[in-house]
Amino acid sequence: RFAVITTRKLGKAVTRNRCRRILRECFRLHQLEFKTPVELVLIARASIVGQSFATVERDYLRLLREAALVD
């Protein structure tokens, strides 16, 4: 299972929705790489605003490797 949380602190609805879409796409592309089934909750922080998909994806994968969720 997977959830994305965004707060109004990120900006207006367009900005929050873009953050959600980017994080959901990262999960969708890499969901089969998890070692075991996981329940994942991602909380979007202000640093994601304005970042490209490639940058967010790189950081997403790095954090999953640090947490030993993927190889």
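Reply: Buried means that a residue has under 20% relative accessible area. Please keep in mind that this is a predicted model.

Me: Okay, so is C26 buried or exposed?
Reply: C26 has a relative accessible area of 0%, and therefore it is buried. C19 counts as buried too, because its relative accessibility is 3%.

Me: And how many disulfides are there?
Reply: There are zero disulfides in the structure. The cysteine sulfur nearest to that of C19 belongs to C26, and it is 11 Å away, which is too far for a bond.

Me: Switching topic: which residues have the most contacts inside the largest nonpolar core?
Reply: That core has 18 residues, and those with the most contacts inside it include L23, F34 and L40. Two or more residues come from each of α1 (13-30), β2 (40-43) and α2 (53-66), with α1 giving the largest share, five residues.

Me: What does L23 touch, apart from its close neighbours in sequence?
Reply: Leaving aside neighbours within four places in sequence, L23 is in contact with F2, V4, L42, A44, I48 and V56.

Me: How many aromatic pairs are there?
Reply: The structure holds two. In one of them, F2 and F27 have ring centres 4.1 Å apart and planes at 5°, so this pair is stacked. Because F2 lies in strand β1 and F27 in helix α1, the pair ties together parts that are 25 residues apart in sequence.

Me: And how are the rings of F27 and F34 arranged?
Reply: Their centres are 6.0 Å apart with the planes at 40°, so that pair is tilted. F2, F27 and F34 form one aromatic cluster, in which F27 and F34 are both buried, whereas F2 is partly exposed at 24% relative accessible area.

Key: Residues numbered from 1 in each chain as written. Predicted model: local features only at pLDDT ≥ 70, side-chain atom pairs only at ≥ 80, totals over all residues. Heavy atoms only, no water. Disulfide = S-S within 2.5 Å. Buried < 20%, exposed > 50% of the residue type's maximum accessible area, 1.4 Å probe, protein only. Core = buried A, V, L, I, M, F, W, Y, C linked by side-chain atoms within 4.5 Å. Helix = DSSP H or I, 4+ residues; strand = E, 2+ residues; numbered from the N terminus. Contact = heavy atoms within 4.5 Å. Phe/Tyr/Trp six-rings, centres within 6.5 Å; stacked < 30°, edge-to-face > 60°.
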